[in-house]
Every structure is written in structure tokens, then in C-alpha cells.
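Thanks for coming. I will take a few minutes on one model, so please have the sequence and the structure open.

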Amino acid sequence: MSKMVILASQSPRRKELLQMIVPKFSIEPSHFEEKAVQERIPERLVRLLAEGKAKTVWEKHPEDLVIGCDTIVLSPDHEVFGIPENREEAKRMLLSLSGRTHRVITGVCVMRRGKKSVFHQTTKVTFQMLTDSEIEAYLDTGEPFDKAGAYGIQGYAGALVERINGDYYSVVGLPVAKLRKVLQKF
């Protein structure tokens, strides 16, 4: 079997970003059980999740290079926001982020032939003060329901963000510049 790059994610955003640095790759979503990871330190959590996803796919393709990723939103109150389960939870997350600064942490694991590199990238994001009607209008777009923290900076929510401090692409889901440097070592 020829050696290839495999993205262990079904995120269309990660696929689009990886195409910026790897012209040809395949996608194989990981079936790693994220809820099994019990870690309280957000940076460690996101790295363990990325590694678990990469390893699950790499075990089936040990000659290939596998990239696993995970993104979490850490609220200003230090609560880990994953993907909201419903509209009420998404609204609660957006209210928590309104007018405040939070952190988005993306973990990445690259594996090939037993060699691995695991890293994370943290970016601070500040939201504008949001009115209830702005939150409801954003929820009505449907965009918040498949994204950590209930928002996608690359979509409608970009207009709700006052500023970012760090890597924009990491907030979208893949720290492209840092990953490119890591891939050069492989």
C-alpha cells in the first residue's frame, strides 16, 4: 500500500484548511470515544483527544501519516464548551461569551510509523456584547449546532467577534502554519 496522509476528521472546515498545505490526502473519521477521556486541564484534554483520534485511525494504517485534531472553547469562567446538544445549551454558551474574552484551544496529533508529534495552539477571542435578538438570529442560522462553543468564526459569527489574539485558523479548527512546520519534520 502506498504511503498517504489521512485526516482523522470529518470536519469540512479541517478538510478545507488541510488542503492549504497538503494537496492530496484522504479522510477517515475516527471513532474514538471522547467521553472516555477524563482530564481537567484543557490543554492536556485537547491533546489527549487529538492523540486518541489519530491513534484510532493510525492503528488501521500504520504506514500512513495520520492527523488527528480536536478543538475546545474555554469560557471566560473556565468551563469547557464542546458542541451544544440543543438550542438552549447553545444560547447559554453564547450568553457566557457575550462581551467577554475566551480561549479556543486546538490540539493536533501527527502519527506515522510509531513516531508522533502532539501539540496545541491557543487563541484568545473577544465577542462583542450581544443582545438577545442577535443571539436568537444567530441561532436561527443553524450554524452553532455542530461547532465547539456554539459558533463558527468563519461563518456568520465572524460578525459577532470584536477581536482575536492568536491564530485565526486554529479557531476554525486547524493551526495551519504550526502543522505545516510539524509535517516538514515527518
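I will go through a helix, then the strands, then some salt bridges.

First, the ground rules. This is a predicted model, in which local features need pLDDT of at least 70 and side-chain atom pairs count only at pLDDT 80 or more, while totals for chains, interfaces and linings use all residues. Residues are numbered from 1 along each chain as its sequence is written, and side-chain values use heavy atoms, with hydrogens and water left out.

Helices (H or I, at least four residues) and strands (E, at least two) are DSSP runs, numbered from the N terminus. Buried means under 20% relative accessible area, exposed means over 50%, and partly exposed is in between, with a 1.4 Å probe and protein chains only.

Start with helix 6, residues 176–185. Which of its residues are buried? They are V176, L179, V182 and L183. Viewed down the axis of helix 6, these buried residues fall within an arc of 125 degrees, so they line one face of the helix. That arc is taken from the directions from the helix axis to the C-beta atoms. As a reminder, an α-helix has 3.6 residues a turn, so residues three or four places apart point the same way. On the other side of helix 6, A177, Q184 and K185 are exposed.

What do the buried residues of helix 6 pack against? The partners are helix 1 (12–18), helix 5 (168–172), strand 3 (65–74), strand 5 (101–112) and strand 6 (115–127), where contact means heavy atoms within 4.5 Å.

Now the strands. Two strands pair if DSSP finds at least two bridges between them. Strand 5 is mostly covered, with 10 of its 12 residues buried. Strand 3 and strand 5 run antiparallel, joined by nine bridges; C69 has V108 as its bridge partner in strand 5. Strand 5 also pairs with strand 6 in the antiparallel sense, over 12 bridges. Within that pairing, V110 is partnered by S117 of strand 6, and G107 by H120. The two strands form a hairpin with two residues between them, and R113 in the turn has a positive phi of about 50 degrees. Strand 6 is in turn joined to strand 7 (residues 161–165) by four bridges, again antiparallel, with V161 as the partner of F127.

Last, the salt bridges. I count one when a side-chain nitrogen of Lys or Arg is within 4 Å of a carboxyl oxygen of Asp or Glu. How many does a search of the whole structure find? It finds 14.

R113 lies in the loop between strand 5 and strand 6, and E63 in the loop between helix 2 (42–58) and strand 3, so the pair ties together parts 50 residues apart in sequence. R113 is partly exposed at 48%, and E63 is partly exposed at 41%.

R13 pairs with D146, their closest N and O atoms being 3.9 Å apart. R13 is in helix 1 and D146 in the loop between helix 4 (132–140) and strand 7, 133 residues apart. R13 is buried, at 19%, whereas D146 is partly exposed, at 40%.

E136 and K91 meet at 2.9 Å, N to O. E136 is in helix 4 and K91 in helix 3 (residues 87–97), so this pair ties together parts 45 residues apart in sequence. Salt bridges that share partners join R87, K91, E136 and D140 into one network.

That is the tour; questions are welcome.
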